[in-house]
Amino acid sequence: KRAYGEPLATLEAPEGVLFNIAAQPQRKRLVVHLLNYTDHPVEKIKLTVQGRYEKCALFSPDVQMQTRCGSVVMDQKTTVEIPALDIYSVLTLE
């Protein structure tokens with residue numbers, strides 16, 4: 001549970017990288033859409049979300065298949081590092 005006023009997620013990325021989260025509580029899953037409006041690919045984006053999520057997968061038109069991503073769970077927060085973002089990616093946390 002998050003404290004009042006505390007954001008559901010924070011993103012460490014250059015200005016121009018935006019994200020949106022769709023929660024699917026019945027499936028115990030978050031779907032995170034990442035969009036890069038900068039003029040170049042971005043590397044090492046860090047996303048921190050409230051809650052404990054053990055599985056993480058990255059879907060992107062820039063790669064040919066689904067990529068598993070590592071996540072670190074500490075103090076009811078999960079942190080994921082996205083290795084690179086060219087234009088658009090979808091991240092699922094379960």
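A residue counts as buried when its relative accessible area is under 20%. By that criterion, buried residues make up 34% of the 94 residues in this protein. The model is predicted, with an average pLDDT of 86 and 85% of the residues scoring at least 70. Its secondary structure consists of nine strands and zero helices.

**Overall fold and confidence**

- Along the sequence the elements follow the pattern β-β-β-β-β-β-β-β-β.
- Of the contacts between residues at least 6 apart in sequence, 64% connect residues at least 24 apart.
- The protein has an accessible surface of about 6,400 Å², and carbon and sulfur atoms account for 52% of that area.
- Confidence is highest in strand 3, at a mean of 95, and lowest in strand 6 (residues 67-68), where the mean is 61.

**Strand pairing around strand 4**

- Strand 4 covers residues 42-50.
- Strand 1 (residues 9-12) runs antiparallel to strand 4, and four bridges join the two.
- Strand 8 (residues 77-85) also pairs with strand 4 in an antiparallel arrangement, through eight bridges.
- L47 of strand 4 takes part in both pairings: L11 stands opposite L47, and V80 is the bridge partner of L47 in strand 8.

**Nonpolar core**

- The largest nonpolar core contains 18 residues, and those with the most contacts inside it are I45, L47, V49, I82, L91 and L93.
- At least two residues of this core come from each of strand 1, strand 3, strand 4, strand 5 (56-59), strand 8 and strand 9 (88-93).
- Strand 4 makes the greatest contribution to the core, supplying four residues.
- Setting aside residues up to four places away in sequence, I82 touches L34, E43, K44, I45, L47, L58 and L91.

- T38 is located in the loop that links strand 3 (29-36) to strand 4.
- T38 counts as buried because its relative accessibility is 19%, and the cut-off is under 20%.
- The side chain of T38 is in polar contact with the side chain of N36, at 2.6 Å.
- A polar atom of the T38 side chain also lies 2.8 Å from the backbone oxygen of H40.
- Apart from neighbours within four places in sequence, T38 is in contact with E15, G16 and V17.
- One of these contacts, V17, belongs to strand 2 (17-24).

**Positive phi at two lysines**

- Most residues other than glycine have a negative phi.
- K28 has a positive phi, near 55°, and is found in the loop between strand 2 and strand 3.
- K28 is classed as exposed because its relative accessible area is 66%, and the exposed class begins over 50%.
- K44 likewise has a positive phi, near 55°, but its place is in strand 4.
- With a relative accessible area of 61%, K44 is therefore exposed as well.

Notes. Residues numbered from 1 in each chain as written. Predicted model: local features only at pLDDT ≥ 70, side-chain atom pairs only at ≥ 80, totals over all residues. Heavy atoms only, no water. Buried < 20%, exposed > 50% of the residue type's maximum accessible area, 1.4 Å probe, protein only. Polar contact = N/O pair within 3.5 Å; in protein donor to acceptor, adjacent residues only side chain to side chain. Contact = heavy atoms within 4.5 Å. Pairing = 2+ DSSP bridges. pLDDT = per-residue confidence, 0-100. Core = buried A, V, L, I, M, F, W, Y, C linked by side-chain atoms within 4.5 Å. Areas by Shrake-Rupley, 256 points an atom, 1.4 Å probe, with all protein chains shown as cover.
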